[in-house]
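User: Hi! I have a structure open and would like to learn how to read it. Could we go through some features together?

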Amino acid sequence: MNVYDWQQLVLFFAVLLLLVKPFGAYMVKVYQGEQTLLSPLLAPCEGFIYRITGVAPSDEMDWRRYAGTMLLFNLLGFLVLFLLLLTQHFLPLNPEQFSAFSWPLAFNTAVSFMTNTNWQAYAGETTLSYPVQMLGLTVQNFVSAATGVAVLLAL
């Protein structure tokens, strides 16, 4: 490593350490249901999502319903990614005309991204179209980690 690399590393950790306290405090407020700086902006969005999904914010879930909901949510994410991988040759934004994955590779990849292990038996930039990378892998990278955090908070 050269001097520039060390400077960049030190800067990264300095920024990280400076942001730990404010972001940690924000997360505590969010998880405890307290008002935050972003509440006026995000509360209407949250209310809209509750209305269209038929969820009452005051209702509590027992562990069976929570587990079933988490499993269903992950199953739907798996199915969407699995179908995207199997049909990528039909999707737009595929200028390289990448072919579809075989079903075993699509299954393995979808399970891998659903479980946040992200194991890849291919080179993404030479195998996956833009929609599959954007709508499939990127979304699963986010929602699989978010599901893990939600389960952690529930426990």
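This is a predicted model: local features need pLDDT of at least 70, side-chain atom pairs count only at pLDDT 80 or more; totals for chains, interfaces and linings use all residues.

User: Is Met-1 buried or exposed?

Analyst: The cut-off for exposed is over 50% relative accessible area. Met-1 counts as exposed because its relative accessibility is 66%. Met-1 lies in the segment before helix H1 (3-31).

User: What do nonpolar side chains tend to do in soluble globular proteins?

Analyst: The general idea is that they tend to be buried together. In this structure, the largest nonpolar core has 13 residues. Those with the most contacts inside the core are Leu-81, Leu-85, Phe-101, Tyr-122, Leu-128 and Leu-137.

User: Which elements give two or more residues to this core?

Analyst: They are helix H3 (63-86), helix H4 (103-114) and helix H5 (130-154). H3 provides the largest share, with 5 residues.

User: Could we look at Leu-137? What is it in contact with, leaving aside neighbours within four places in sequence?

Analyst: Leu-137 is in contact with Leu-81, Thr-109, Phe-113, Gln-120, Tyr-122, Leu-128 and Val-132.

User: Now for the whole chain. How many helices and strands does the chain have?

Analyst: There are 5 helices and 0 strands, and from the N terminus the order reads α-α-α-α-α.

User: What is the radius of gyration of the chain, and what would a compact globule have?

Analyst: The chain has 20 Å, while a compact globule of 155 residues would have a radius near 15 Å. Along the principal axes, the C-alpha atoms fill a box of roughly 55 × 50 × 30 Å.

User: And what share of the residues is buried?

Analyst: Buried residues account for 20% of the 155 in the chain. As for the surface, the chain exposes about 11,500 Å², and carbon and sulfur atoms supply 71% of that area.

Notes. Residues are numbered from 1 along each chain as its sequence is written. Side-chain values use heavy atoms; hydrogens and water are left out. A nonpolar core is a set of buried Ala, Val, Leu, Ile, Met, Phe, Trp, Tyr and Cys residues joined through side-chain atoms within 4.5 Å. Buried means under 20% relative accessible area, exposed over 50%, partly exposed in between (1.4 Å probe, protein chains only). Helices (H or I, at least four residues) and strands (E, at least two) are DSSP runs, numbered from the N terminus. Contact means heavy atoms within 4.5 Å. The radius of gyration is taken over C-alpha atoms; the globule rule is 2.2 Å times the number of residues to the power 0.38. Accessible areas come from the Shrake-Rupley method with a 1.4 Å probe; for residues, only the protein chains shown count as cover.
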